[in-house]
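Reader: Hi! Could you walk me through this protein, starting with how its strands pair up?
Author: Happy to. Here it comes.

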Amino acid sequence: MELEFIAAGQIVNTHGVRGEVKLLPQGVDPETLLDCRTLYIAGKPVVPTARRIHKGCVLLKLPGVEDMDGALALKGRAVSIRRLDVSLPEGVYFDEELVGLTARDAATGETLGQVEEVLSYPAHKVYVVRGGKDEYLIPAVPAFIAAVDVPAGTMDIHVWEGMGSHEN
């Protein structure tokens, strides 16, 4: 499913006394956020006047936010980006684009369930597939992922013996 907007993270705090906010990226790399000219806060376009990465977060200076009180008023707000504003390499997707895809066995075409969640770990991401006869935790590496077709809404998985977890 192609999305117009991608959830990019949440403003989690202020930074300093001059009105900077701290954006915690979720499902989007901090470097990608630096490349986006326009961010969307509560659905409204905002063009930051300054941005930088600091300890895994993105620090933003927003127009009209001049002090800590102004920045504090934005704490907890969700931040989005327009999908068309970002160019990703071939075969790379945002986490939000993968949630909801139908996971299928690459060998048989059998439906395994839906991708319900994308977990981030230091080594790689893991796709949580539920809704079929088993629950699957699929490492997001080529040995397991045969193909992803976001417009068609499918993800083909190389299923290995013993991969599913039966719920009794």
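**Strands and cores**

Author: Thr102 has Thr154, in β13, as its bridge partner. Strands here are DSSP runs of E, at least two residues long, numbered from the N terminus. This is a predicted model, where local features need pLDDT of at least 70, side-chain atom pairs count only at pLDDT 80 or more, and totals for chains, interfaces and linings use all residues. Residues are numbered from 1 along each chain as its sequence is written, and side-chain values use heavy atoms, leaving out hydrogens and water.

Reader: In which sense do β8 and β13 pair?
Author: Parallel, over four bridges. Two strands pair if DSSP finds at least two bridges between them.

Reader: And how does β8 run with β9?
Author: Antiparallel, with three bridges joining them. Ala103 has Gly113 of β9 as its bridge partner.

Reader: New topic! How many residues has the largest nonpolar core?
Author: It has 22 residues, and Val28 and Leu33 are among those with the most contacts inside it. Such a core is a set of buried Ala, Val, Leu, Ile, Met, Phe, Trp, Tyr and Cys residues joined through side-chain atoms within 4.5 Å.

Reader: Which strand gives the most to this core?
Author: β1, with three residues.

Reader: What does Val28 touch?
Author: Leaving aside neighbours within four places in sequence, Val28 is in contact (heavy atoms within 4.5 Å) with residues including Ile6, Ile81 and Phe94.

Conventions. Buried < 20%, exposed > 50% of the residue type's maximum accessible area, 1.4 Å probe, protein only.
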